[in-house]
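This report describes the strand arrangement and the charged side-chain pairs of one protein model. The sequence and structure are shown first.

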Amino acid sequence: MTTNYPWNFEPCSTEGALDPHNIPWQHACRGRKPQRPVVMGYGNTPQAAEDHAVREAHQQDAREV
């Protein structure tokens with residue numbers, strides 16, 4: 001049986017990521033979980049970036065089921 005670790009979300013650099021209008025995102029959030037790919041979320045506010053990262057994390061979990 002494997003241990004179900006939680007996702008950890010933290011603000012990070014946007015690393016040059018662009019929105020659909022080719023404008024750099026103002027905020028980014030990284031989601032990490034042991035032995036899983038990192039997910040990134042972007043937004044115009046810190047909360048929007050975290051919400052996007054959480055959605056990406058849920059999608060990553062769903063792909064593994």
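## Sheet, helix and salt bridges

At 25% relative accessibility, E10 counts as partly exposed. The model is predicted. The partner of E10 in a salt bridge is R32, at 3.3 Å from N to O. R32 in strand 2 and E10 in strand 1 are 22 residues apart, and the pair links distant parts of the chain. R32 is likewise partly exposed, with a relative accessible area of 41%.

E15 and R30 also meet through their side chains in a salt bridge. Because E15 lies in the loop between strand 1 and strand 2 and R30 in strand 2, this pair ties together parts that are 15 residues apart in sequence. E10, E15, R30 and R32 are linked in a network of salt bridges.

A further salt bridge joins K33 and D61. K33 belongs to the loop between strand 2 and strand 3 and D61 to helix 1, so parts 28 residues apart in sequence are tied together. K33 is buried, with a relative accessible area of 12%, whereas D61 is partly exposed at 22%. The count of salt bridges comes to 4, including these:

| Pair | N to O distance |
|---|---|
| R32 and E10 | 3.3 Å |
| E15 and R30 | 3.5 Å |
| K33 and D61 | 3.5 Å |

The 3 strands form an open antiparallel sheet in the order 1-2-3. Strand 1 (8-12) and strand 3 (39-43) are the edge strands. Strand 2 (residues 27-32) pairs with strand 3 over 5 bridges, and C29 stands opposite G41 in strand 3. Helix 1 (residues 46-64) lies across strand 1, strand 2 and strand 3, at about 150° to strand 3.

Methods:
Residues numbered from 1 in each chain as written. Predicted model: local features only at pLDDT ≥ 70, side-chain atom pairs only at ≥ 80, totals over all residues. Heavy atoms only, no water. Pairing = 2+ DSSP bridges. Helix = DSSP H or I, 4+ residues; strand = E, 2+ residues; numbered from the N terminus. Contact = heavy atoms within 4.5 Å. Axes fitted to C-alpha atoms, helices over the stretch in contact; angles between N-to-C directions. Buried < 20%, exposed > 50% of the residue type's maximum accessible area, 1.4 Å probe, protein only.
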